[in-house]
Amino acid sequence: MTQVNRLDGGLIDRNTPLSFSFDGRQLTGYAGDTLASALVANGIRLVGRSFKYHRPRGIISAGSEEPNGLVELRSGARREPNSRVTMTELFDGLDARSQNRWPSLGFDLMSVNDRLSSFLGAGFYYKTFMWPKKFWELVYEPIIRRAAGLGALSGEDDPDVYDRGYRHCDLLIIGAGPAGLMAALTAGRAGAEVILVDEDFRAGGRLTLETHDVGGMAGCDWADSAIAELSTMDNVRIMPRSTAIGVFDHGIYSVVERVADHLAVPQPGKPRQILWRVYAKRALLCAGATERLIAFDNNDRPGIMQAGAVRGFVNRYAAAPAERIAIFTNNDDGHRTAVDLAAAGIDVTAIIDSRDEAPASDVAEVLRGSVVSNSSGRLGLGHVTVRMAGGGHRHLDCGALAVSGGWNPNVHLTCHHRGRPVWQDDIAAFVPGDGGPAGLAVAGAARGIFSTAGALADGQAQAIAQLAEIGITAAASKMPEAESDDINITPMWHVGGTKRAWLDQQNDVTVKDIRQAHQENFRSVEHLKRYTTLGMAGDQGRTSNVLGLSIMAELTGKTIQETGTTIYRPPYTPTPIGVFAGRSTGADFRPTRLPPSHHWAVEQGAVFVEAGAWLRAQWYPREGETKWRQSVDREVLATRQSVGVCDVSTLGKIDIQGRGAAEFVNFVYSNGFATLPVGKTRYGLMLREDGMVMDDGTTARLGEDHFLMTTTTANAGGVYRHLEFVRQCLRPDLDVQLISATDSWAQFAVAGPNSRAVLQQLVDPQHDISNEAFPFMACGNITVCGGLPARLFRISFSGELAYEIAVPARYGDAMIRALMTAGEPYDITPYGTEALGVMRIEKGHVTGNELNGTITARNLGMEKMVSKKKDSIGAILSGREALVAEDGLCLVGLQALNGTDVTAGSHLFAVGTPVDAKHDQGYVTSAAYSPHLEASIGLGFITNGAARHGEIVRAMNPLQGRSAELKIVSPHFIDPEGDRLRA
Amino acid sequence: MPRLTPTTALGGTAPRIDEIGGLRITEIADPSLAALAMRAKKNAAFTKAAKAAFGANLPAPNTAAMTDRHAVIWMGPDQYLVEANSADASLAGTLADNFGSAASITDASDAWVRFDLTGSDNIAMLERLSAADSRSMTAGTATRTPIHHMACLILCREAGASFSIYGPRSSASSLHHALITAAASL
């Protein structure tokens, strides 16, 4: 069987046949087909099983509103469920499978649900699975999830990449139908920057699906000629296969471009889809309209379709939904379908027109004042039952029924800022109301102007008006001639019956469900939606909402306007999550920062750790070291015994200049800085306004009006922001300029008793760095290695005699190599952040672990660093009563007893007290194994800690099920007098 | 001359050049840059010194004053980034002399990595990277913009044809990765 329903003509390329498979059947189609049209051409009507009742379902539309034709596309990791067949461009080798059926589409065991429908109506879940409560998660939900639902994801990582992009324009035109094309021509000719997006791969909108002439040529040819003209304009960008999915603030629109969905596999390195953020000064929504169905018993049988889709398949794709087709309409548009079908040689069984005054037809018998009341046929339409005007019934043979219940303007994007559509009686549809997104106008069928001539004229008029608002004058041009027929609708929503009549085919909601919701007093549209799930499927009820509302309106005796609508939200059409992630996946989730010695550290085989965005060397394993502790212990001992080197470029460096720099630094630090001499460095404590410690670090005075502040790595950005706030908002009276210098300098800590000896080989001889000339806390501009400008600071985080040497970042790689060479005689040892952490814990230096935002200077034992002699940020509030209580938390050292470990995060309890929040006395902030003391040690805070040195406490860690006995000691495990660092 | 050999921001000894499709992405090995900020209440002296130093008026927000020797890029109120057109290690020192007490100057040569973009597809590439409207940029448009979460700067040297992208030096590898990935995805 090959393309039994293929007709002549159409906009397909018969020279390019394509083969594809559906549920394992090998089929063929042509370039220019969608999967939907190719299935239609191959005579396949049954494409899926419904969500809840597993009813056999077929394609009902030819566009993005399709509720039924959902398949799994592709295989392996690229498997994508719930793909709309109407939006899937056919490609060679396409592999599609139906969903939600077992064992097969034709014989689905779960269709037993359909027999149980009387139990499964609206509110079924709410009523049935109330108790016992714990059964919900364990029993009910897994069963329901398995039975209901659509396709399944592969569970593998998506092998494709997605991109993000940004575009700007004067006028964004959404939809390339007659209104959109005319608007684009008008704006393009006026020289405006135009972006024209269309979800189809071929521009023209309805013109591609109709046979009307425009401007004396076929509508689709006119569309092609418009695109050809627009393509010559540099100021117009045409984006096919692109859907505007949302409107956001300030003229920002999200557009998803399906770059490679029409290919089996994207080209290497190229994205599958791009999420464009379009900044538009003005936008014009030309999204057209969606045809709605009329509800009648068993109206979900495969073969029952929108009338516009039926003729669309015939006209554009040369694919006939059936050999014999009946038409059911309440307006003149249904008659167009009859004309087009007859022209294509299809037998039009009859036009069942619910209007008593229906026009006559040249091509088929018109059954006036009649309605379709039921359908029959196994797994597809065979007959329809017509309830005649006179009361009798007639059975008609037909393989398809084309239903036209009128057209709903696609108002969705106008509702994205909670704009409410308004009801327009003459077309029996909602049109965009006031209060839509600012800068978004609507043209053509999207605002209820359905004729081609009307849409063309409106597109031009709206474009001119929108451009005028932004100062661009566009000229009106002569309109191409086109049909201007009225559709003459007489609303008709549903045919009364005794069986189920379907509204929302994606979520299996029937007229009966609406009645039940009404009966049970779920009458507000928002309640109706949630109780019945009407309009809650992936299509947001594009083919069902208005039907449901009209039935609720009938039941409540209100108008449809009074009944109102629910809110449409982005995305307009279902959108893969991957496109929102864009390139931000895996290792590319965020950028990294590399310290200047990174490449050298890689050569050394360092193990790296993420510290914020920085990638820092954590330790440098040597041959034979199998456990990280071996490396870290070695690095610590080598540094304390001789000399070690560590890249500390990651610490924040802020260059502070200006006549008011000294006063400024004095104001942001709680301790005194005004009198710091040039050439000296001081440890500073920075408080938040609320008196808590914000950060600490050393600040060097490089000149009378020049300071260089160092922050912790983690707080570099936050401290800079804080300083800018102080500079701009709190002390604009001071002359202060700030600039970040973090990236400018490669800075290395050189620590250990032999650090001076190593540096003396590199520092140029005119600079004396002896203890006398360059004592502890000295700093200065020097040169190294034959004239390279550098900065030297005699500061120590490790507690050893230590320096930090800074060179311009571009020399960082050379500097670490030079340090290693100069240090060779002293067995210089590079150390990573672990050893750095061990040594600072041994020395009792605090870091981010301790400065956790709840800690005061007093908690740290540094209350004397909050100067009373001056004003500084946080000084006043640090004196709050509760913060100066005598029994407050106090920083202590903790040493494990009996071979146990100190664990950070443990809470501290006095021996013999219950382990509960009431008796909690503090907690452990940092822990390390000290190779120097050969013991597990830590830092922590405990109530009244300064007076408790020597006391044994219990550290409890219920999360990890651990407990330990710890001895409270001084936080300075090493060299408490500071002799080493002054050596 | 110091005995140490500098490396580029990407860690090489020579600047990296990538040619992808119609695009050429060139790492600039040794940009000479200085951060220039006006000191309080020194408007007249600052403006005068700028005119003398650059031979041009100071640029307005989102622009750069482009001269034969410098690009002076607006970075914030009374703050500029000065780029020397050819490698000039003495740039910050010279500016300090020129401006005296009217400005605070900081050598920023090592704060940034600079990539130059040329070729026919650079607008298409920039559209994948930055929300800035590169299509409407003219010579001398300068915009701070995030690129893949990095705080960057785009300087247009020739409309549609030539751009420089500045990013934090420590993120040079990530920025380079973002650029070549975007170039390859067009």
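Two residues are in contact if their C-beta atoms, placed from the backbone, lie within 7 Å. By that criterion, 37 residues of chain B are in contact with 39 residues of chain A. On the side of chain B that touches chain A, at least two residues each come from β3 (32-38), β7 (103-107), α3 (122-129) and α4 (172-184) of chain B. The largest share of that side, four residues, is supplied by α4(B). The side of chain B that touches chain A divides into 13 nonpolar, 16 polar and eight charged residues. Here Ala, Val, Leu, Ile, Met, Phe, Trp, Tyr, Cys and Pro count as nonpolar, Asp, Glu, Lys and Arg as charged, and the others, Gly among them, as polar. Helices (H or I, at least four residues) and strands (E, at least two) are DSSP runs, numbered from the N terminus.

The model is predicted: local features need pLDDT of at least 70, side-chain atom pairs count only at pLDDT 80 or more, and totals for chains, interfaces and linings use all residues. Residues are numbered from 1 along each chain as its sequence is written, while chains are lettered from A and ligands numbered from 1 in the order in which they are written.

Within chain A, the axes of helix α7 (residues 307-317) and helix α8 (residues 333-343) come within 9 Å and cross at roughly 25°. Axes are lines fitted to C-alpha atoms, for helices over the stretch in contact, and angles run from 0 to 180 degrees between N-to-C directions. α7(A) and α8(A) are therefore roughly parallel to each other (angles under 35 degrees count as roughly parallel, over 145 as roughly antiparallel, 65 to 115 as roughly perpendicular and the rest as oblique). The contact involves A307(A), V310(A), R311(A), V314(A) and N315(A) of α7(A), and D333(A), G334(A), R336(A), T337(A), D340(A) and L341(A) of α8(A). Four of the residues in this contact of α7(A) with α8(A) are nonpolar, three polar and four charged.

| Residue | Phi | Loop |
|---|---|---|
| H250(A) | about 60° | between β13 (242-248) and β14 (252-258) of chain A |
| N62(B) | about 65° | between α1 (43-54) and β4 (64-66) of chain B |

H250(A) is exposed, with 9 other C-beta atoms within 10 Å, and N62(B) is partly exposed, with 14 C-beta neighbours inside 10 Å. A residue is buried if 20 or more other C-beta atoms lie within 10 Å of its own, exposed if 12 or fewer, and partly exposed in between.

The peptide bond from P570(A) to P571(A) is cis, with omega near -5°. P571(A) is in the loop between α13 (560-563) and α14 (577-581) of chain A.
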